[in-house]
Amino acid sequence: MIRGLMDGDFMSGGSEIKPNPKALLPIAVFLVLYLGTGIYFEYIAPEKGRMGFYVMSVVVAFGFALIVAFLQNRKLSFDEKIKVCAQGIGDDNIVIMLFIFLMAGAFSGLAKAAGGAASTANLLLSVIPGGFAIPGLFIVACLISMAMGTSVGTITVIVPIAAEVANSTGMSMAVLVASVVGGAMFGDNLSVISDTTIAATRTQGVEMKDKFKTNIKTALPAAVITLIILIIYSVQNAGTQMGSFEYNIWLALPYFIVLILALIGLNVFAVLGIGIVLFFLIGGAAGTISFDTALTAMGDGTGGMFETMIVTILVASISALMREHGGFEAILSFIRKHAKSKKGGMLGICALTGMMDVATANNTVAIVIAAPIAKDISNEYGVEPKKVASLLDTCSCVFQGIIPYGAQLLVAAGICGISSVSIIPFLFYPFLLAICMIVSIIFDKS
């Protein structure tokens, strides 16, 4: 991830960086602050309507961690540490990732304002056959999330419909909502405009199409098995006709075009640029947006990416300082003692990513933290970068999809008025994805 520091030749006179567990203190400080305040405000001093794990901004927590990183390693002056941070932030993959975040935000904001998300969802929902509401909602969530690039956004659009189906038919609310959440995580894991996919691919320096081809081998079997389970459940439990939904097929068209262009391997900047132009033109022709509202929507969309971008910059800085001080070498040394093979290295990447997601309750942040260490593991054990990117994204989605304090389950539970914990037993897809991921590692022949 941080090219200038990979060979230990920056500020170290070409000498080998020695393992130093104390260099990991900034991450420990972040975890204590973020996880500690989250647990306190979510479970010890909860307030109705407040998500405890979002009281302290992740940016603030990482800000304190950066201060700690600067206070360490007295061998370097303050100016030298600034240069280390600048070299970390200036890595070409980090810069490209920041630019993609901006374009993805503009695309998402414009698509939402033009009515593209609602039309696409309603178009898909209108073709669900009677009696198969549950598997139908799962498929719709999969496709919408792939198109939108956001699991939370998909949940916000589809869960109200799932709740209405449950209330009008007596079907299990938890099963319906869990199906939507599972589908949302499937699409988020594979979407080319998802911030998790962007982070996973750019930090490892791989093309999105290569990561997609690797990822689909794990995600698709889990999705197919999930769909079979949901179909069996629907057959055993009385279903209902979904009803009719209003949509404009022209407003849905840009999403499908973007999806097709991405799958054939077109450059992500071109894909997002074409998507923005299409929504601008079609939304204007349909009368759902005007020139001024389109500009505002694009601004709102990019604004929504600012926290993710700031976190990326902060983590790149902290990672550079920790690497220079021997923190990454300490983690690698630990993994070397327990992982004696390439498969052990891959399991180490999964464990690291999973722990970061449990601690931060944010899959993108978890990827950004784990990515530089995963890059070193890739070099150490000969794991293909596209496989590393797939593991980072998949593992983060597995944990993000099942933790009860993550945004996905909290938002879904809040919309339909049930406990996030009650949804977990029916989250077939995330659990099956975890199994498929482990199987893919065990039988890896690359």
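**Ground rules**

I am working with a predicted model, where local features need pLDDT of at least 70, side-chain atom pairs count only at pLDDT 80 or more, and totals for chains, interfaces and linings use all residues. Residues are numbered from 1 along each chain as its sequence is written, and side-chain values use heavy atoms, with hydrogens and water left out.

**Entry 1: salt bridges**

I began with charge pairs. Side chains of opposite charge can pair when their charged atoms come close. I counted a salt bridge when a side-chain nitrogen of Lys or Arg lies within 4 Å of a carboxyl oxygen of Asp or Glu. How many salt bridges does the structure hold? I found 3.

I looked up Lys211 and Asp393. Their closest N and O atoms are 2.6 Å apart. Lys211 lies in helix 11 and Asp393 in helix 19, so this bridge ties together parts that are 182 residues apart in sequence. My helices are DSSP runs (H or I, at least four residues), numbered from the N terminus. Are these two residues buried or exposed? I call a residue buried under 20% relative accessible area, exposed over 50%, and partly exposed in between (1.4 Å probe, protein chains only). Lys211 is buried, at 2% relative accessibility. Asp393 is buried too, with a relative accessible area of 0%.

Next came Asp376 with Arg323. The closest N and O atoms of this bridge are 2.9 Å apart. It links distant parts of the chain: Asp376 sits in helix 18 (residues 363-381) and Arg323 in helix 15 (residues 306-325), 53 residues apart. Both Asp376 and Arg323 are buried.

Then I checked Asp444 with Lys342. Here the closest N and O atoms are 3.7 Å apart. Asp444 lies in the segment after helix 22 (428-442), and Lys342 lies in helix 17 (residues 342-360), so the bridge ties together parts 102 residues apart in sequence. Asp444 has 16% relative accessibility, so I mark Asp444 as buried.

**Entry 2: aromatic rings**

I turned to the rings. Rings of Phe, Tyr and Trp (its six-membered ring) pair if their centres lie within 6.5 Å; planes under 30 degrees apart count as stacked, over 60 as edge-to-face, and the rest as tilted. The structure holds 8 aromatic pairs.

Why is the pair of Phe30 and Phe62 stacked? The ring centres of Phe30 and Phe62 are 3.9 Å apart and the planes are at 10°, so the pair counts as stacked. This pair links distant parts of the chain, with Phe30 in helix 2 (residues 25-44) and Phe62 in helix 3 (residues 58-71), 32 residues apart. Phe30 is buried at 0% relative accessible area, and Phe62 is buried at 1%.

Phe70 and Phe78 make a tilted pair, with 5.4 Å from centre to centre and 35° between the planes. Phe70 counts as buried, at 17% relative accessibility. Phe78 counts as exposed, at 55%.

I also noted a cluster. Ring pairs link Phe30, Tyr34 and Phe62.

**Entry 3: surface patches**

Patches are made of residues with over 30% relative accessible area and no salt bridge; like charges are joined within 9 Å, and nonpolar side chains (Val, Leu, Ile, Met, Phe, Trp, Tyr) within 5 Å. Lys and Arg count as positive and Asp and Glu as negative, while His and the chain ends are not counted.

Which residues form the positive patch? I listed Lys209, Lys213, Lys217 and Lys386. Helix 11 (residues 208-236) gives the largest share, 3 residues. Lys217 is in helix 11. I read Lys217 as exposed, with a relative accessible area of 66%.

A nonpolar patch is formed by Ile435, Ile438, Val439, Ile442 and Phe443, with about 480 Å² of accessible area together. Accessible areas come from the Shrake-Rupley method with a 1.4 Å probe. Ile442 is in helix 22. At 46% relative accessibility, Ile442 is partly exposed.

**Entry 4: two distances**

I compared sequence and space. Val398 is in helix 19 (residues 385-400) and is buried, at 4% relative accessibility. Val398 and Pro430 are 32 residues apart in sequence and 5.0 Å apart in space, C-alpha to C-alpha.

Ala223 is in helix 11 and is buried, at 7% relative accessibility. Ala223 and Ala339 are 116 residues apart in sequence and 30 Å apart in space, C-alpha to C-alpha.

Technical notes. Charge placed at Lys NZ, Arg CZ, Asp CG, Glu CD. Helix = DSSP H or I, 4+ residues; strand = E, 2+ residues; numbered from the N terminus.
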